[in-house]
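Thanks for coming, everyone. Let me put the structure up, and then we'll walk through it.

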Amino acid sequence: MPDSSSTTTAPRETSIDSRWDASAAGGLSPEGLLLYRSNLLGSDRRVTNFGGGNTSAKLPMRDPLTGNAVEVLWVKGSGGDLGTLQLGGFATLYMDKLLALPALYAGQEDEERMVGLYPHCTFNLNPRPASIDTPLHAFIDRPHVDHMHPDAVIAIAASVDGQRLTREIYGDDIGWLPWLRPGFELGLRLRRFVEEHPDAKGVILEAHGLFTWGGTSEACYRTTLGVINRAIAWLTGQDRGAPAAVAGIVPLEPAKRRAIAAAVMPKIRGLVSGTRAKVGHFNDSPEVLDFVCGADLERLAALGTSCPDHFLRTKIRPLVLPFDPQSDSEADLQERLPAAIATYRDEYKAYYERCKHPDSPAMRDPNAVIHLVPGVGMIAFGPDKSAARIASEFYVNAINVMRESSRVSRYQGLPEQEAFDIEYWSLEEAKLQRMPKPKALAGRIALITGGAGGIGLSTARRLMEEGACVVLCDIDRDGLRQAEASLQEQYGKDLAVGVYSDVTDEHAIAKSFQEAALRFGGIDICVSNAGIASAAPIEQTSLELWQKNFDVLATGYFLVSRQAVELLKLQGLGGSIVFIGSKNALVASPGAAAYCAAKASELHLARCLALELAPAGIRVNVVNPDAVLRGSHIWQGEWAEQRAHHYNTSTDELERVYRERSLLKRSVFPEDVAESVAFFASERSCKSTGNILNVDAGHAGAFTR
């Protein structure tokens with residue numbers, strides 16, 4: 001019977017329209033058609049999740065050794081995402097060699113040895129590794145095969161009476177196979193099913209997903225969509241006469257949800273990061289709110305996910321945090337976090353000990369990936385922003401499955417031992433070991449003030465090259481939008497965000513750091529770079545001009561540092577604060593008393609903070625540039641004209657003047673400053689604090705010793 005405690009306020013799925021364009025497909029090669037179909041299917045998360053599913057085609061190809069025509073299996077290789085796949089993402093294997101493998105198969109204990117034989121079937125020296133799903137495609141005697149993970153179908157596959165529901169929905173068109181871990185044995189069972197049911201169009205794998213096939217690439221695509229749409233239509237039709245949902249709790253207002261998430265994410269981040277920093281992602285979509293506010297949250301969350309693709313990204317189950325949105329405060333939640341997270345770790349360790357085999361890989365990170373906050377939403381943490389976001393998307397898939405399955409039947413997760421055997425499968429471990437080594441700043445988060453200018457933007461690029469996420473703060477809204485767009489285009493939308501901020505306004509600064517916490521989970525690196533410059537003889541220096549310099553260059557750096565320290569201490573992970581100073585902080589300059597004095601104040605603030613914050617592992621260092629003209633907003637205004645007048649030259653000649661007065665006779669560029677910031681931001685300088693690094697091409701007066 002359906003669970004009457006399910007909630008139904010989340011938006012329901014609608015049918016999926018075909019996007020097959022005959023004109024676009026008409027001139028494509030057979031393998032091009034496979035890629036076209038794959039990209040269409042993978043671009044819709046209702047069809048399959050990120051990186052999930054695979055497609056294949058059995059195509060005649062010219063053997064490079066004999067010149068004869070041979071049949072070749074083109075199948076999505078290990079890793080990669082169907083939506084963005086290129087031809088190089090397909091493995092290619094001789095079909096005759098694949099079909100000879102069953103004679104070598106000794107039973108399910110032989111699975112890993114069989115995987116080791118796939119490279120011997122490689123066609124044309126293709127370096128793309130074949131996935132464990134290769135035999136599932138090879139042994140289905142149909143030209144084109146799709147394997148997808150649509151939520152609507154998995155909702156049927158994860159129901160206790162899924163076989164009966166499959167029969168009710170599809171009749172003889174779609175079959176049913178009981179749960180079996182993906183691999184060679186499942187490939188053989190699929191072959192047997194197709195042989196015994198020659199008129200079937202596909203099969204649902206219990207707790208896993210959908211296989212469909214067709215005589216052409218287009219026919220296979222349309223069959224796949226048709227099967228999914230039949231599931232969507234049937235589930236929607238069950239609204240008539242469905243039991244009324246039992247009310248859970250009322251979600252908090254959006255602003256309050258965001259405020260609570262921003263307040264607790266840095267604390268969670270500090271508790272789950274361990275030896276490797278993590279990045280967070282917050283999701284309060286309608287599907288998520290429906291789930292975390294439902295009366296059945298605790299029970300369903302404890303059951304864990306069903307589809308292997310889900311729990312490989314999210315762990316078998318999430319952590320439901322102890323929070324009553326109607327009576328608790330964010331401070332209450334923060335206070336409970338250490339115990340809740342420690343309990344989850346202990347339970348995960350117990351799960352590992354219960355289920356491990358003598359040859360199991362060592363236990364991985366025991367911390368939760370998904371954290372569910374009643375009334376607020378879902379917080380995911382991963383080794384980088386993309387991993388956290390994708391894990392969040394996968395758990396939304398799991399939520400959709402649990403919701404729909406609970407409406408029409410009773411949802412069931414995978415048995416614990418089955419889940420463990422997939423999570424700690426040696427083949428999965430091998431895949432993890434093949435992952436490239438993380439970049440130096442992977443998992444790190446940087447906030448940069450004055451981020452839209454030359455030094456700020458160059459610093460952002462340099463840190464992002466090392467793997468960091470970046471929050472750009474600037475008072476120039478247009479410049480900020482352009483800088484954000486440029487970084488997102490170059491590095492990906494996940495990794496950079498622009499936030500309007502005025503460093504003289506403590507409320508604006510607080511909002512900037514709140515946004516950093518909400519977008520990424522906290523910060524590790526704070527680069528104070530916002531600046532102005534002015535020049536005037538002392539008798540022409542107004543109090544307003546004096547105050548403006550100190551507001552931005554002294555008070556602004558104080559406000560940014562104070563907010564950064566509060567967040568860094570909440571995380572408990574240490575951190576790096578870098579001030580962008582100036583040669584003028586060390587060398588007096590005639591006619592620029594306000595600027596020089598403010599910069600000197602900034603320098604001494606850094607020294608004070610280095611002393612104060614060392615016990616918390618927070619390092620504070622200063623980079624002192626000089627005459628960085630290129631891309632600088634400061635040098636585009638009166639400052640350039642004032643300095644040109646001082647040196648009796650034109651603004652066009654200023655860079656030459658500054659270059660010639662330096663000891664090294666070299667110009668200083670934003671990238672030079674960014675390189676020094678990257679040094680102080682990274683572990684390369686982990687034993688350095690209270691330092692001043694001059695990037696000025698050499699000025700004896702600025703020597704610090």
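Start with Asn124. Asn124 sits in the loop between helix H4 (111-117) and H5. Keep in mind that this is a predicted model. The phi of Asn124 is near 60°, a positive value in a residue other than glycine. Most residues other than glycine have a negative phi. Is Asn124 buried, partly exposed or exposed? Asn124 is partly exposed, because its relative accessible area is 48%, and the buried class stops under 20% while the exposed class begins over 50%.

There is another case. Ala697 has phi near 65°, again a positive value in a residue other than glycine. Ala697 lies in the segment after S18. Its relative accessibility is 12%, so Ala697 counts as buried.

Back to the loops. Ala103 is in the loop between helix H3 (95-100) and H4. Here the relative accessibility is 72%, so Ala103 counts as exposed. How far apart in space are Ala103 and Gly531? C-alpha to C-alpha, they are 73 Å apart. In sequence, the separation is 428 residues.

That brings us to the whole chain. The C-alpha atoms fill a box of roughly 95 × 70 × 50 Å along the principal axes. A compact globule of 705 residues would have a radius of gyration near 27 Å; the chain has 30 Å, which agrees. The secondary structure comes to 25 helices and 18 strands. Of the 705 residues, 57% are buried. The accessible surface is about 29300 Å². Carbon and sulfur atoms own 52% of that surface. Now contacts. Take those between residues at least 6 apart in sequence: 74% of them join residues at least 24 apart.

First up is H2, residues 30-42. What span should its 13 residues have at 1.5 Å a residue? They should span 18 Å, and the end C-alpha atoms are 18 Å apart, which agrees. H2 is mostly covered, with ten of its 13 residues buried. The buried set includes Glu31 and Arg37, along with Leu34, Leu35, Leu40 and Leu41. Tyr36 and Ser38 are also among the buried residues of H2. What do these buried residues pack against? On the helix side, the partners are H1 (22-25) and H9 (217-237). On the strand side, they are S1 (54-62), S2 (69-76), S3 (90-94) and S4.

Next is H18, residues 454-465. H18 has twelve residues. From first C-alpha to last, it reaches 17 Å, close to the 16 Å expected at 1.5 Å a residue. Ten of the twelve residues are buried, so H18 is largely enclosed by the rest of the structure. Among the buried ones are Gly454, Ile455, Gly456 and Leu457. Arg462 is on that list too, with Leu463 and Met464. After the helix comes Gly467, with a positive phi near 105°.

On to the aromatics. The whole structure holds 15 aromatic pairs. One is Phe139 with Phe184: the ring centres are 5.2 Å apart and the planes are at 85°, so the pair is edge-to-face. Phe139 lies in the loop between H5 (134-138) and S4 (144-148), and Phe184 is in H8 (residues 184-196), so the pair ties together parts that are 45 residues apart in sequence. Are these two buried or exposed? Both Phe139 and Phe184 are buried. There is also an aromatic cluster, formed by Tyr348, Tyr351, Tyr352, Phe420 and Tyr424.

Last stop, Ser682. Ser682 is in the loop between helix H25 (670-681) and strand S18 (692-695). The relative accessibility of Ser682 is 2%, so Ser682 counts as buried. Which atom lies 3.1 Å from a polar atom of the Ser682 side chain? The backbone oxygen of Phe679 does. What else does Ser682 contact, leaving aside neighbours within four places in sequence? Leu441 and Arg619.

That's the tour. Over to you for discussion.

Terms used:
Residues numbered from 1 in each chain as written. Predicted model: local features only at pLDDT ≥ 70, side-chain atom pairs only at ≥ 80, totals over all residues. Heavy atoms only, no water. Helix = DSSP H or I, 4+ residues; strand = E, 2+ residues; numbered from the N terminus. Buried < 20%, exposed > 50% of the residue type's maximum accessible area, 1.4 Å probe, protein only. Polar contact = N/O pair within 3.5 Å; in protein donor to acceptor, adjacent residues only side chain to side chain. Contact = heavy atoms within 4.5 Å. Expected span 1.5 Å × (residues − 1). Rg over C-alpha atoms; globule rule 2.2 N^0.38 Å. Areas by Shrake-Rupley, 256 points an atom, 1.4 Å probe, with all protein chains shown as cover. Phe/Tyr/Trp six-rings, centres within 6.5 Å; stacked < 30°, edge-to-face > 60°.
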